[in-house]
Each structure stands twice: as structure tokens, then as C-alpha cells.
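Work through the exercises below with the model open. Each task is followed by a solution in steps.

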Amino acid sequence: MRPNRSLVWGLAVVFGVCSVVFGVLAVLYSPVALSVAVPFGGVAGLFYYHASGRLRRRTFRRQAGRARSARRGRTAGTGPRGGRSRDRQQSRGNRQSTDGVADDQPRRSDYRVLDLEPGADDEAVTAAYREKAQELHPDRGGDTEAFARVNEAYERLQGDA
């Protein structure tokens with residue numbers, strides 16, 4: 001589930017303003033207020049990092065790096081097909097890291113799932129997603145797995161924007 005970006009931006013602004021206010025109070029009245037301003041500034045920075053999308057990209061990069069290093073560490077001949085079977089499975093369909101989190105990069109298959117041409121604009125992606133979601137929603141008798149694929153494809157395509 002994706003957090004509401006406007007809410008996260010709002011929290012970043014509120015904590016940033018609190019940090020500035022306590023910083024000014026520390027300069028004008030008492031240095032003790034600085035002990036409150038610093039944590040508020042740190043939290044504001046964390047919310048900013050999250051709202052800008054940098055935290056998510058860094059997390060996915062780190063997970064992908066761990067998955068690659070885990071695959072490289074395997075020796076040939078460890079499985080029925082020399083340890084390569086899992087690598088082939090991950091190169092097809094939904095790529096997943098070792099933690100089960102879908103890759104953040106959109107692929108051609110994401111556009112196919114939404115019946116779009118690769119490189120479609122954000123409005124077309126959103127419109128196609130809404131149409132497919134209504135068609136495949138489990139509450140309306142649709143297929144749960146197909147609905148999940150549509151959601152994952154849409155999230156990856158939105159993450160690209």
C-alpha cells in the first residue's frame with residue numbers, strides 16, 4: 001500500500017516548521033530548546049526523504065543488491081539445473097527480490113497487463129488501471145490474482161513517474 005504523498009509532505013512541513021521555531025527559541029531564549037529542535041529537524045528530514053521517493057528507491061536498490069549478491073554466491077550445480085532455474089524464473093513475469101517485494105522498475109509486461117503501449121503517459125496509465133480494476137475486482141466477481149497483477153503493474157508504472 002502506498003502512503004498518501006500529500007500527507008507525508010504535510011508532516012514534513014509541520015515538523016520542519018516546529019524545528020525552525022524551536023531553533024529560533026533556542027537562539028533567543030534558552031539553548032535547552034535546541035534539544036527539541038534537533039529531533040524535530042531529523043524527523044522532518046526523514047519525512048522529506050520519504051515523500052520525495054528517495055527512501056523507497058534506496059530501499060529497493062539495497063534489496064536488489066542483496067538478491068544479486070545472494071545469487072552470485074551460489075555455486076554451479078547446486079540445483080537440478082546447476083542453480084540457474086531460479087534466475088530464469090525471476091527474469092520472467094513478476095520479478096521479486098528475496099524479501100518478496102516486487103521490483104520498482106516498470107517493464108513491457110506492465111504495459112501489457114494494462115493493455116497499453118510502452119511509454120504511455122500518466123493519464124492513460126491511470127485511466128487503463130481504473131478500467132481494469134473495475135473489470136477484475138474480486139468484489140465484482142473478478143479474478144484475485146489478475147487483480148493483484150494489475151495493481152502491481154500500476155504501482156510500478158506510477159513509481160516510474
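**Exercise 1. Find the salt bridges and place each partner.**

Start with the rule: a salt bridge is a side-chain nitrogen of Lys or Arg within 4 Å of a carboxyl oxygen of Asp or Glu. By this rule the count is two. The model is predicted: local features need pLDDT of at least 70, side-chain atom pairs count only at pLDDT 80 or more, and totals for chains, interfaces and linings use all residues. Residues are numbered from 1 along each chain as its sequence is written, and side-chain values use heavy atoms, with hydrogens and water left out.

Step 1. Take Arg 156 and Asp 110. Their closest N and O atoms are 2.7 Å apart. Arg 156 lies in helix α7 (residues 144-160) and Asp 110 in helix α5 (residues 108-113), so the pair ties together parts 46 residues apart in sequence. Helices (H or I, at least four residues) and strands (E, at least two) are DSSP runs, numbered from the N terminus.

Step 2. Check burial. Buried means under 20% relative accessible area, exposed over 50%, and partly exposed in between (1.4 Å probe, protein chains only). Arg 156 is buried at 3%. Asp 110 is buried at 1%.

Step 3. Take the other pair. Lys 132 and Asp 115 form a salt bridge, 3.0 Å from N to O. Lys 132 sits in helix α6, and Asp 115 in the loop between α5 and α6, 17 residues apart. Lys 132 counts as buried because its relative accessible area is 15%. Asp 115 is exposed at 57%.

**Exercise 2. Which residues does Phe 15 touch, not counting residues up to four places away in sequence?**

Step 1. Locate Phe 15: helix α1. Its relative accessible area is 22%, so Phe 15 is partly exposed.

Step 2. List the contacts (heavy atoms within 4.5 Å). Leaving out residues up to four places away in sequence, Phe 15 touches Phe 40, Val 43, Ala 44 and Phe 47.

Step 3. Check one spacing. Phe 15 and Gly 45 are 30 residues apart in sequence, yet 8.6 Å apart in space, C-alpha to C-alpha.

**Exercise 3. Is Thr 126 buried or exposed?**

Step 1. Find Thr 126 in helix α6 (residues 122-136).

Step 2. Read its relative accessibility: 18%, so Thr 126 is buried.

Step 3. Not counting residues up to four places away in sequence, Thr 126 touches Tyr 154 and Gln 158.

**Exercise 4. How many helices and strands does the protein have?**

Step 1. Count: seven helices and zero strands.

Step 2. Of 161 residues, 24% count as buried.
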